[in-house]
Amino acid sequence: MKQKQHYLTGHSHCTAAVVVKGIDRDVEWGEDILMLGLGIVMLSSTFAPVAPPTVILPMVALVFAITSSLARMNYHEMERKLLASLEQLSSYEQSLLKPICKVFDEQPMCALSESYNPLKNLKRFAKSAIGGALINPFWLPIFYTMGIQIVEENNLGVLNRAVMRVEQRLSPVTRANKED
């Protein structure tokens with residue numbers, strides 16, 4: 001039987017602080033994944049003298065697809081671990097984590113199969129098709145996967161701001177517990 005994963009791994013006076021620290025680490029990991037993808041895409045022009053656009057452009061779309069998919073899976077894992085951790089917290093500590101829970105409630109991430117289905121994302125597909133028609137048809141998948149990457153970045157940004165708000169609320173509580 002698989003053990004439930006959660007953020008409560010260490011012993012601390014303020015377990016809410018441990019949860020926030022874990023979420024903050026996972027948010028940074030998601031941002032790192034997305035920045036790695038963007039960095040790889042930025043370096044793709046260095047291969048232009050060696051590889052034709054018919055090779056480079058699909059690879060760019062593939063990099064965006066992989067990194068945005070990894071970031072999405074990381075986001076879902078954060079939500080699962082937070083929910084498992086909330087079960088073990090007191091009601092006061094749960095109330096401290098409300099801003100983070102609110103982000104997951106207000107910004108639910110759909111499954112990857114929905115994100116990559118152009119029929120369920122007609123607006124993104126239309127924008128990508130227009131961009132592809134204006135520049136090069138090979139750019140359509142790049143624009144489409146870049147749109148998914150932008151959504152991931154926005155969600156991580158909102159989650160990061162919520163984590164910072166909770167950290168600010170917890171810092172006096174954490175300091176008071178250390179003094180005891």
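Here is a short chat about a predicted model.

Me: What should I know before I start?
Reply: Local features in this predicted model need pLDDT of at least 70, side-chain atom pairs count only at pLDDT 80 or more, and totals for chains, interfaces and linings use all residues. Residues are numbered from 1 along each chain as its sequence is written, and side-chain values use heavy atoms, with hydrogens and water left out.

Me: Where is Val 19 found?
Reply: Val 19 sits in helix H1, residues 15-43 (helices are DSSP runs of H or I with at least four residues, numbered from the N terminus).

Me: Is Val 19 buried or exposed?
Reply: Val 19 is buried, because its relative accessible area is 0% (buried means under 20%, exposed over 50%, partly exposed in between, with a 1.4 Å probe and protein chains only).

Me: Why does Arg 165 count as partly exposed?
Reply: Because its relative accessibility is 44%.

Me: What about Arg 165 and Ile 100, how far apart are they in space?
Reply: From C-alpha to C-alpha they are 8.9 Å apart, and in sequence 65 residues apart.

Me: Now Leu 70, where does that lie?
Reply: Leu 70 is in helix H2, residues 53-86. At 41% relative accessibility, Leu 70 counts as partly exposed.

How values were computed
Helix = DSSP H or I, 4+ residues; strand = E, 2+ residues; numbered from the N terminus.
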